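Please consider the structure shown below.

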Amino acid sequence: MKKFLVILATVLAGVLVVGGIGAVSSISQEEPPVLAATLDGTTMDTPNNGTLPHATLDLSVYPNSSDAVPPPKAGPYESAWLSGQPFYHPSTTIQVPANSVVTINFTQYDSGGQIYNPFFAHVHGSMDGTMTWNGKSVKNVKSDSVGHTFTVHQYPESSQPYFFLSVPLPMNAANAKTDKAGYPVDPQKISVTFVTGEAGTYVWNCEFPCGDEYQEFGGPMQTRGWMAGTFEVVA
Ligand SMILES: [Cu+2]
């Protein structure tokens, strides 16, 4: 048992180091344009809060840019370095309203594989612990079938309210039928609904090793506009 705990602690420490490299190095970069959730009504579906405003945001994940989907805006060095790499679209600078119910609809066009830490193959922080995947309610996906994750990190500063959300986005099969631009014609559709609290500014990352360089956590994984960004809860 003790040996198991030592191994577990070592694995967790490794994950923190690797995940942290992306999170820390993404902080110094320029911000892509703000993508704000749109208020579209109210919901009474919250566990403790009664009726709250509801807002919706749409995000896509592409395996690479194409004539149909331009790459994120970047300087010439980043553009060359990151050409052919996956990215979130249309932006990674996310804004959602405080004290609201927010639904993010993801459309995931990339392939994938085995995630290093199965923790991130599970949904964390949604309103009822689930997400909707191609119309079905699920709590996780198989850890060898992950494309990307959308993971908002808690406590960037101790003065901020607690917020943690992590959503696994399932992969498309490598042999999925694709369109002219090379994207699956039948991409993975994921929706997650969560409740926000008071205002705060957080960072998010993908936690699937979809980049290059160190443990596939470099390149797009540490670059805002690609696989990392900010997540701002605004009052
Ligand atoms: Cu990713």
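The questions treat the metal site, the sheet and the core in turn. This is a predicted model, in which local features need pLDDT of at least 70, side-chain atom pairs count only at pLDDT 80 or more, and totals for chains, interfaces and linings use all residues. Residues are numbered from 1 along each chain as its sequence is written, and side-chain values use heavy atoms, with hydrogens and water left out.

Q: What is the arrangement of the 4 donor atoms around the copper ion?
A: Donors are N, O and S atoms within 2.8 Å of the metal (3.2 Å for Na, K and Ca). Here they are His148 (ND1), Cys206 (SG), Cys210 (SG) and Met227 (SD), at 2.1 to 2.5 Å from the copper ion. Four donors count as tetrahedral if all angles lie between 85 and 135 degrees. Because the donor atoms subtend angles of 96 to 125°, the arrangement is tetrahedral.

Q: How many residues apart in sequence are the parts that histidine 148 and cysteine 210 tie together?
A: The donors follow the spacing H-x57-C-x3-C-x16-M along the chain. Strands are DSSP runs (E, at least two residues), numbered from the N terminus. Histidine 148 lies in strand 9 (residues 146–152) and cysteine 210 in the loop between strand 12 (200–205) and strand 13 (228–234), so the pair ties together parts separated in sequence by 62 residues.

Q: Are histidine 148 and cysteine 210 buried or exposed?
A: Buried means under 20% relative accessible area and exposed over 50%, with partly exposed in between (1.4 Å probe, protein chains only). By this criterion, both histidine 148 and cysteine 210 are buried.

Q: Which are the edge strands of the open sheet of 6 strands?
A: Two strands pair if DSSP finds at least two bridges between them. The sheet has the order 1-5-13-12-9-10, with mixed pairing. Strand 5 pairs in the parallel sense with strand 1 over 3 bridges, whereas strand 9 and strand 10 run antiparallel, joined by 6 bridges. Pairing on one side only marks the edge strands, strand 1 (34–36) and strand 10.

Q: Which residues touch the most other members of the largest nonpolar core?
A: A nonpolar core is a set of buried Ala, Val, Leu, Ile, Met, Phe, Trp, Tyr and Cys residues joined through side-chain atoms within 4.5 Å. The largest holds 40 residues. Those touching the most other members are Phe106, Phe150 and Phe231.

Q: What is the bridge partner of phenylalanine 150 in strand 10?
A: Strand 9 is joined to strand 10 by 6 bridges. Across this pairing, the partner of phenylalanine 150 is valine 167.

How values were computed: Four donors count as tetrahedral if all angles lie between 85 and 135 degrees; four count as square planar and six as octahedral if opposite donors are over 155 degrees apart and all others between 65 and 115; anything else is irregular. Helices (H or I, at least four residues) and strands (E, at least two) are DSSP runs, numbered from the N terminus.
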